[in-house]
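Here's a quick tour of a few spots in this protein, going piece by piece. Keep the structure open while you read.

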Amino acid sequence: MTGARGKGREGKVWFVGAGPGDPDLITVKGLRIIQEADVVVYTDSLVSEALIARARPDAEVLKSAGMTLEEIVAVLVDRARAGKAVARVHTGDPSVFGAVLEQIVALEREGIPYEIVPGVSAVFAAAAAARVELTVPEVCQTVILTRVEGRTPMPKGERLRDLARHGGTLALFLSAALTKAVTAELRAAGWRDDTPVVVVYKATWPDERIIRTTLGELDAAVRRAGIRSHAMILAGQALDPALARSGAFRSRLYDPAFTHGFRKGKGEG
Ligand SMILES: C[S@@+](CC[C@H](N)C(=O)[O-])C[C@H]1O[C@@H](n2cnc3c(N)ncnc32)[C@H](O)[C@@H]1O
């Protein structure tokens with residue numbers, strides 16, 4: 001495979017980040033792996049069919065949404081053992097809420113070689129759709145990728161209210177159906193009701209929707225829009241629509257007076 005590091009056609013599994021939805025938002029390497037794979041196993045709930053259509057006509061293509069972990073792993077191991085190149089295609093980036101570790105554990109146990117090819121996570125697709133910078137100089141320099149507690153319990157110290165106390169920008173996965181809980185947690189952390197929030201439903205898909213709201217209005221806005229899943233909630237002062245018009249914030253990187261490795265600041269000797 002040209003997209004692979006290894007030599008020859010040894011059996012191997014590539015975990016490929018498909019990106020957020022738009023089939024053009026995959027890496028060149030990830031696309032090559034899909035195009036050349038003997039077997040493609042993909043998360044059909046959130047990966048575009050147009051991307052999977054790029055697989056070889058004779059490739060074995062399987063949808064994973066209806067499969068159990070055991071069934072998925074059995075396919076990955078069986079096909080790799082048979083010397084096949086297997087593309088296991090995940091939405092966004094595989095390392096973020098991707099459920100890849102449990103597959104990796106099985107491949108390690110079975111001695112199957114594997115590689116992870118990163119992808120564009122929904123957090124960055126949502127930021128692009130909302131046309132914001134998640135880190136604004138002197139406003140927020142931290143982005144926390146997390147979720148509100150749902151059926152999966154949060155580890156100690158990682159409840160949303162604990163994380164939100166740091167300030168910064170929050171990117172909430174898997175939380176669209178839990179906006180009441182999100183609001184309660186952020187209020188408990190001291191966030192004001194006028195804190196800007198942007199909800200991006202199906203970022204980069206043809207039916208993408210962007211809802212600009214505030215913490216106090218979040219639950220009502222999301223319910224009104226009928227959004228229960230496939231949405232990213234971005235919250236914090238970086239989402240303030242007034243920032244784009246203010247001109248008050250600029251990085252030092254491009255400040256004429258600031259010297260760095262690639263440019264001498266004006267007025268500095
Ligand atoms: C199981 S997680 C997978 C995340 C993925 N690995 C990533 O990096 O984007 C699924 C959640 O990601 C978010 N998500 C995935 N694709 C999205 C998209 N196109 N637009 C908005 N949110 C998305 C939603 O919060 C959804 O509930």
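## The end of α8

Before anything else: what you're looking at is a predicted model. Let's start where helix α8 stops.

Now step back into the helix. α8 spans residues 218-225, and its buried residues are L218, D219, A221 and V222. They take up an arc of only 165° around the axis, so they sit on the same side of α8. What do the buried residues of α8 pack against? Their partners are α7 (179-188), β8 (196-201) and β9 (209-214).

Helix α4 covers residues 101-110, with Q103, I104, A106 and L107 buried. Look down the axis of α4 and those buried residues fall within an arc of 160°, so they line one face of the helix. The background here is simple: an α-helix has 3.6 residues a turn, so residues three or four places apart point the same way.

Which exposed residues does the face of α4 turned away from its buried side carry? You'll find L101, E108 and R109 there. On the buried side, α4 packs against β1 (12-17), α3 (69-81), β4 and β5. Following α4 is G111, with a positive phi near 70°.

## β2, covered on both faces

Strand β2 (residues 39-42) has both of its faces covered. V39 and V41 are buried on one side, while V40 and Y42 are buried on the other. As a rule, side chains in a regular strand alternate between the two faces of the sheet.

## S121, tucked into a loop

Last stop: S121, which lies in the loop between β5 (114-117) and α5 (122-130). Is S121 buried or exposed? With a relative accessible area of 4%, S121 is buried, since the cut-off for buried is under 20%.

As for neighbours, S121 touches G92, D93 and F173, leaving aside residues up to four places away in sequence.

Note on methods. Residues are numbered from 1 along each chain as its sequence is written. This is a predicted model: local features need pLDDT of at least 70, side-chain atom pairs count only at pLDDT 80 or more; totals for chains, interfaces and linings use all residues. Side-chain values use heavy atoms; hydrogens and water are left out. Buried means under 20% relative accessible area, exposed over 50%, partly exposed in between (1.4 Å probe, protein chains only). Helices (H or I, at least four residues) and strands (E, at least two) are DSSP runs, numbered from the N terminus. The arc is that of the directions from the helix axis to the C-beta atoms. Contact means heavy atoms within 4.5 Å.
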